[in-house]
Amino acid sequence: MSRKKRTQISSRKEPRQVRSTELVTAILDAAIQVLAKEGAQRFTTARVAERAGVSVGSLYQYFPNKAAILFRLQCDEWRQTTELLSSILGDSRKPALQRLRTLVHTFIRSECDEAAVRVALDDAAPLYRNAPEAKEARASSARAMDNFMREALPNASKSQQSLAAKLIKTTLSTVGKQFSETPRTPAEIKAFAGALADMFCAYLDGLANPGSPLRIAGPKRARQASNTSSI
């Protein structure tokens, strides 16, 4: 029985010299521009090479095909998101709910700023959704959120902490993607992120203080919270 040929998604080699690093950077920058303008369906190595001002042969030294370029862009996006999640939620110098608000504002703004590229990468996701790098990215994000929940909800059960982590992470990702698919003004982004952060904080407050009356911030208090947490 013949085995289906698998598309190579890894880079051919890593740049070791300054000139090579600059070439790869130029290729990736061009790829982002082409992806944002053309989308995943019309994304080609020829268009990327032309935009980068290099020959297709030079591009192929590092990326064997367009799938490898898309995979590199996706890996970079996974790494940046994981670092963002870990750096904000892991900053124990700040109160837990303040960290969560900062994360929501930062994440939603990032989703809107990079919406075109993210949508195109999602279209190409079947190429690499089961790659080891994808699994590690999901695991790293889950660990960061789980660690945060243990700190934010020290008296909650492990199952409650786990559910809260999954609920917030899934909601933030899904709602953020949907919201960013339509062009938004800075005011709309700030208002939406503030409302979403209020919802998450109220949920965690309820878990941390079971039986207590639900405390909902008034308009003035909500605006103040959004202003102090937005970065």
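Which residues in α5 meet Ile168, Leu172, Ser173, Gly176, Lys177, Phe179 and Ser180 in α8? The legends below take up this contact after an overview of the chain.

The model is a predicted one, in which local features need pLDDT of at least 70 and side-chain atom pairs count only at pLDDT 80 or more, while totals for chains, interfaces and linings use all residues. Residues are numbered from 1 along each chain as its sequence is written, and side-chain values use heavy atoms, with hydrogens and water left out.

**Figure 1. Overview of the helical chain.** The protein chain has ten helices and zero strands, where helices (H or I, at least four residues) and strands (E, at least two) are DSSP runs numbered from the N terminus. Of its 231 residues, 39% count as buried, a term that means under 20% relative accessible area, with exposed over 50% and partly exposed in between (1.4 Å probe, protein chains only). Among contacts (heavy atoms within 4.5 Å) between residues at least 6 apart in sequence, 72% join residues at least 24 apart.

**Figure 2. The contact of α5 with α8.** Leu100, Leu103, Val104, Phe107, Ile108, Glu111 and Cys112 are the α5 residues that meet the α8 residues named in the opening question. The residues of this contact divide into nine nonpolar, three polar and two charged; Ala, Val, Leu, Ile, Met, Phe, Trp, Tyr, Cys and Pro count as nonpolar, Asp, Glu, Lys and Arg as charged, and the others, Gly among them, as polar. The axes of α5 and α8 come within 9 Å and cross at roughly 35 degrees, with axes being lines fitted to C-alpha atoms, for helices over the stretch in contact, and angles running from 0 to 180 degrees between N-to-C directions.

**Figure 3. Serine 180 in helix α8.** Serine 180 belongs to α8 and counts as buried because its relative accessible area is 9%. Leaving aside residues up to four places away in sequence, serine 180 touches Glu111, Cys112 and Ala115. The C-alpha atoms of serine 180 and cysteine 112 are separated by 4.6 Å, although these residues are 68 residues apart along the chain.

**Figure 4. The largest pocket and its lining.** About 980 Å³ of space lies in this pocket, and of the 34 residues that line it, the closest to its centre are Glu77, Trp78, Arg138, Lys169 and Ser173. On a 1 Å grid over the protein atoms alone, a pocket is an open set of points where a 1.4 Å probe fits, with protein on both sides within 12 Å along at least five of seven lines, and lining residues have an atom within 4 Å of a point. Helix α8 gives the most to the lining, with ten residues, and the lining as a whole divides into 15 nonpolar, nine polar and ten charged residues.

**Figure 5. Threonine 102 in helix α5.** Threonine 102 lies in α5 and counts as buried because its relative accessibility is 10%. Its C-alpha atom is separated by 8.5 Å from that of alanine 197, 95 residues apart along the chain.

Conventions: Grid points are joined across faces, edges and corners, and a volume is the space filled by probe spheres set on the points.
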